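Some labels deserve a check. Here each label is set against its cut-off.

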Amino acid sequence: MADIVVAVDQGTSSTKAVAVSVSGEVVADVTVPVGIAHPSPGRVEQDAEELVTSVVTALGRLGQLDGRVAAVGLSTQRESALVWERSTGKPLGPMLGWQDRRTAGRARALSGEAGRVRSVTGLPLDPMFSALKIGWLLDEIDPDRRRSRAGELAVGTVDSWLLARLTGEHRIELGNAARTQLLSLDAGDWDAGLLELFGIPEAVLPRLTASDEPTALVDGLGVPVTGVLGDSHAALYGHGIREAGSVKVTLGTGSSVMGLGDVVPGAMARTIAWAAPDVALAFEGNILSSGSTLVWLSHVLGLSTGELIALGLDSPDSPVDLVPAVAGLGAPWWDPGAQAIITGFDLGTGRSALARAAVDAVVLQIEDVLEAADTATGERVGTVHVDGGPAGNDRLVQHLADLTGRTVVRPAATGLSALGAASLAGARAGLWESLPGGATRTFGPTTTSTIVKARRDRWRGAVERAPLPDCFMNTQGRDRERTAFRGRHLALRHLRRPVRDRRLR
């Protein structure tokens with residue numbers, strides 16, 4: 001009897017697969033690590049073939065479920081992009097990771113188009129998104145675009161690539177497409193003006209599909225993929241959030257703050273959560289470095305990540321702040337020119353103070369985005385749903401509640417991207433209306449508001465000290481956006497102190 005959904009979550013550092021029964025029980029799971037390369041500063045690459053192999057390996061290790069699998073769900077890292085040869089399926093170069101910043105110069109050159117890009121796509125013009133990456137790859141592979149226009153090349157995000165190899169179809173799920181910076185949110189189609197702007201012929205693009213449109217049968221399994229979501233979208237779906245008013249925070253390499261609802265794009269991006277089959281609009285703020293900050297500092301200090309978090313949370317507050325703008329700052333600042341800095345240290349500063357500053361940076365960046373969400377929606381976010389690997393740490397989640405002053409709800413299973421994809425896939429396959437949810441735990445704030453305010457104010461002072469050269473907009477335009485976000489909290493100061501000796505990279 002086919003009574004199980006297998007969901008694959010292909011992430012930045014690993015590919016995970018879970019088998020979920022109709023009762024909501026995870027009956028089997030497997031994790032396959034994947035590599036990531038940093039060939040030079042600002043460049044982040046992955047081997048596209050390795051990603052496919054990791055997915056096939058994960059599915060193969062669940063082979064004991066043969067005959068019971070009804071459908072497959074797929075959750076993927078977003079914004080990463082690659083080009084392959086359509087006739088052979090061979091990747092033509094590396095996959096550029098979502099953290100890759102090699103296109104920052106091109107983004108600066110297009111800064112005059114930032115307003116148009118944001119109005120059409122809901123996204124700030126930033127190297128994080130796929131369009132600039134695809135343009136860069138095509139410049140390397142097909143500079144005159146002859147092969148592209150002839151239909152010999154195919155491009156896509158991770159979901160497109162995996163489905164092309166697993167099912168033979170060149171397609172992209174609408175929520176993932178919304179992260180390419182090529183999709184008109186209002187039209188629900190590729191935007192001809194943006195394709196021209198970024199130098200991407202339409203012939204290379206995948207077909208747009210709903211999140212729950214079944215694929216052809218997966219090689220080796222004989223069942224279709226019936227649910228595809230970007231990882232952050234899948235986590236939102238996995239929390240059971242179907243209406244505006246609730247927000248989730250995913251803790252990972254970076255962090256994503258997302259909720260359902262339509263907003264004017266600004267500090268928060270406007271995007272598509274899913275189309276199943278109706279389109280659900282969402283707002284999101286992306287933090288570029290959170291878990292990766294902890295991993296970096298743990299290596300520097302010779303600790304495990306868990307030991308670093310424990311050291312930081314055991315340490316008293318100190319004047320030290322760490323602003324992890326190793327790839328610029330994402331939401332709510334959206335400043336790719338910001339530089340990573342450490343402030344408030346002296347010759348007596350030890351590793352405990354640095355550990356505390358790194359842990360605080362993860363939480364305080366989230367609060368910056370939550371405040372932007374408050375402003376964008378006109379309502380304070382009182383309850384935050386949290387997921388991701390670090391969310392399994394009780395003390396870290398409590399710290400999040402304390403420094404945000406908000407109630408945090410954590411599900412029993414924190415790997416919600418896979419479960420969200422499973423929930424959608426199983427619903428489309430007719431196994432359930434919604435995957436049964438498990439128990440949750442609630443964390444309430446315990447720190448006094450005056451202490452929290454002082455800590456946030458010091459953090460924002462440190463953020464102000466990160467150099468912010470004119471990149472995407474003129475100084476007046478950038479300051480106007482930053483001032484609008486900061487609002488009642490702090491008057492904007494224009495601090496441009498040289499900090500080259502304090503950079504983290």
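A salt bridge here is a side-chain nitrogen of Lys or Arg within 4 Å of a carboxyl oxygen of Asp or Glu. Buried means under 20% relative accessible area. The model is predicted.

Q: Why is aspartate 191 said to have no salt bridge?
A: The cut-off is 4 Å. The nearest side chain of opposite charge, arginine 116, is 4.9 Å away, so aspartate 191 has no salt bridge.

Q: What lies around aspartate 191?
A: Aspartate 191 touches Val120, Leu182 and Ser184, leaving aside residues up to four places away in sequence. A polar atom of its side chain lies 2.9 Å from the backbone nitrogen of leucine 194. Aspartate 191 itself sits in the loop between strand E11 and helix H8.

Q: What makes glutamate 79 and arginine 179 a salt bridge?
A: Their closest N and O atoms are 2.8 Å apart. The limit is 4 Å, so the pair counts. Both residues are buried. They stand 100 residues apart in the chain.

Q: Why does the pair of arginine 406 and glutamate 367 tie together separate parts of the sequence?
A: Arginine 406 lies in the loop between helix H13 and strand E21, and glutamate 367 in helix H12, so the pair joins parts 39 residues apart in sequence. The closest N and O atoms of this salt bridge are 3.0 Å apart.

Q: Which network of salt bridges includes Glu367 and Arg406?
A: The network links Glu367, Asp368, Glu371, Asp374, Arg406, Lys453, Arg456, Asp457 and Arg460. Within it, glutamate 371 meets arginine 456 at 4.0 Å, N to O. Glutamate 371 lies in helix H12 and arginine 456 in helix H15, so parts 85 residues apart are tied together.

Q: Why is the pair of tryptophan 84 and tryptophan 161 called tilted?
A: Their planes are at 55°. Stacked needs under 30 degrees and edge-to-face over 60, so this pair is tilted. The ring centres are 5.2 Å apart. Both residues are buried.

Q: Why are phenylalanine 129 and tryptophan 334 a tilted pair?
A: The ring centres are 6.0 Å apart, and the limit for a pair is 6.5 Å. The planes are at 40°, so the pair is tilted.

Q: How do you know that phenylalanine 129 is buried?
A: Its relative accessibility is 0%, so phenylalanine 129 falls under the 20% limit. Tryptophan 334, at 5%, is buried too.

Terms used
Residues numbered from 1 in each chain as written. Predicted model: local features only at pLDDT ≥ 70, side-chain atom pairs only at ≥ 80, totals over all residues. Heavy atoms only, no water. Helix = DSSP H or I, 4+ residues; strand = E, 2+ residues; numbered from the N terminus. Buried < 20%, exposed > 50% of the residue type's maximum accessible area, 1.4 Å probe, protein only. Lys, Arg positive; Asp, Glu negative; His and termini not counted. Polar contact = N/O pair within 3.5 Å; in protein donor to acceptor, adjacent residues only side chain to side chain. Contact = heavy atoms within 4.5 Å.
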